[in-house]
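Work through the exercises below with the coordinates open. Try each task before reading its solution.

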Amino acid sequence: MNVFVYHTPELTPIDPLPDCAVVIDVLRATTTIATVLDRGGAAVQAFSDIDELLAASESWNADKRLRAGERGGATVEGCDCGNSPLEYTAEVVRGRRLFLSTTNGTRALERVADASTVLTAALVNRQAVVEYIAKTQPETVALVGSGWQGGYALEDTVCAGAILEGLLSATGMKLSEIAANDEAVASVALYRQWHDRLDDLMRVATHGQRLLRLDADRLDIAYCAELDTIATVPIQSERSVLVAAS
């Protein structure tokens with residue numbers, strides 16, 4: 001198994017595509033996706049464009065859909081919800097399809113949508129993703145950070161490092177055997193430095209600070225920093241549509 005880490009969608013090569021692409025947007029899209037599916041949401045359909053989201057969701061009964069749009073950390077007008085995972089209780093999401101568009105995470109999903117297997121990961125479902133990869137044994141894995149408007153995001157890299165650390169334990173491989181680029185090695189170093197202070201890292205990270213300045217609920221950051229609290233693995237069932245892996 002060869003594991004690559006890429007900091008942004010723009011830095012992620014698509015020729016060739018990896019056997020397994022894992023999209024990461026800890027603050028907050030992939031944390032929200034894992035939460036929605038874990039709490040009984042039927043599916044999450046991702047869009048990079050808000051107008052496309054609104055058009056596609058029109059054909060669904062209002063009681064079977066939720067529209068979630070976020071730009072710059074704020075909820076988009078015309079949508080039911082934003083990108084806070086805390087909005088998505090079981091009562092809100094059960095049996096519904098979430099139509100989702102965010103600043104960064106949905107762009108990353110679009111970048112690797114044609115890979116054989118596409119998963120999403122966050123800190124909250126890190127171990128579940130590790131176990132899925134260890135079981136299926138793809139030859140090449142790309143851990144794709146969503147970044148922030150084309151730039152590096154600290155929280156996505158620490159999540160990639162957490163996944164790699166889990167794979168080291170699950171496979172018994174050495175870092176030199178599994179890490180396929182320098183970014184992968186660096187992500188593990190970052191995780192080892194911060195593994196017991198992930199909430200602190202989120203608050204140091206520029207995106208975490210940005211959310212706090214926007215008056216985003218501080219509980220969002222604490223929730224997104226939790227490790228291994230969700231056992232659901234979101235997997236792409238058709239292009240840009242994610243369901244809980246069986």
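## Exercise 1: A buried charged pair

Arg28 is buried, at a relative accessible area of 5%. The model is a predicted one.

**Task.** Which residue forms a salt bridge with Arg28, and how far apart are the closest N and O atoms?

**Solution.** 
- Step 1. Look for a carboxyl oxygen within 4 Å of a side-chain nitrogen of Arg28.
- Step 2. The partner is Asp220, with the closest N and O atoms 2.7 Å apart.
- Step 3. Check the cover of the partner. Asp220 has 1% relative accessibility, so it falls under the 20% limit and counts as buried.
- Step 4. Check the backbone. The peptide bond from Leu27 to Arg28 is cis, and its omega is near 10°.

## Exercise 2: Two further salt bridges

**Task.** How many salt bridges does a search of the whole structure find? Then describe the pairs Asp114 with Arg239 and Asp228 with Arg126.

**Solution.** 
- Step 1. The search of the whole structure gives eight salt bridges.
- Step 2. Take Asp114 and Arg239. Their side chains meet at 2.5 Å, N to O.
- Step 3. Locate this pair. Asp114 is in the loop between helix 4 (105–111) and strand 7 (117–121), while Arg239 is in the loop between strand 9 (234–238) and strand 10 (241–244). The two residues are 125 residues apart, and the pair links distant parts of the chain.
- Step 4. Classify the ends. Asp114 is exposed at 56% relative accessible area. Arg239 is partly exposed at 47%.
- Step 5. Take Asp228 and Arg126. This salt bridge spans 2.8 Å, N to O.
- Step 6. Locate this pair too. Asp228 lies in the loop between helix 11 and strand 9, and Arg126 in helix 5 (residues 126–136), so parts 102 residues apart in sequence are tied together.
- Step 7. Classify again. Asp228 is partly exposed, with a relative accessible area of 33%. Arg126 is buried, with 8%.

## Exercise 3: A strand pair

**Task.** Do strand 2 and strand 7 run parallel or antiparallel, and how many bridges join them?

**Solution.** 
- Step 1. The strands run parallel, and five bridges join strand 2 to strand 7.
- Step 2. Pick one contact. Ala21 stands opposite Val118 in strand 7.
- Step 3. Check the cover. Four of the five residues of strand 7 are buried, and the strand is mostly covered.

## Exercise 4: Backbone angles

**Task.** Is the peptide bond from Asp15 to Pro16 cis or trans? Where do Gln149 and Ser240 lie, and what are the phi values of Gln149 and Ser240?

**Solution.** 
- Step 1. The bond from Asp15 to Pro16 is cis, with omega near 5°. Pro16 is in the loop between strand 1 (2–6) and strand 2.
- Step 2. Gln149 lies in the loop between strand 8 (140–145) and helix 6 (154–171). Phi of Gln149 is near 50°, a positive value in a residue other than glycine.
- Step 3. Ser240 belongs to the loop between strand 9 and strand 10. Phi of Ser240 is positive, about 70°, although Ser240 is not a glycine.
- Step 4. Set their cover side by side. Gln149 is exposed at 58% relative accessible area, whereas Ser240 is buried at 18%.

Key
Residues numbered from 1 in each chain as written. Predicted model: local features only at pLDDT ≥ 70, side-chain atom pairs only at ≥ 80, totals over all residues. Heavy atoms only, no water. Buried < 20%, exposed > 50% of the residue type's maximum accessible area, 1.4 Å probe, protein only. Pairing = 2+ DSSP bridges.
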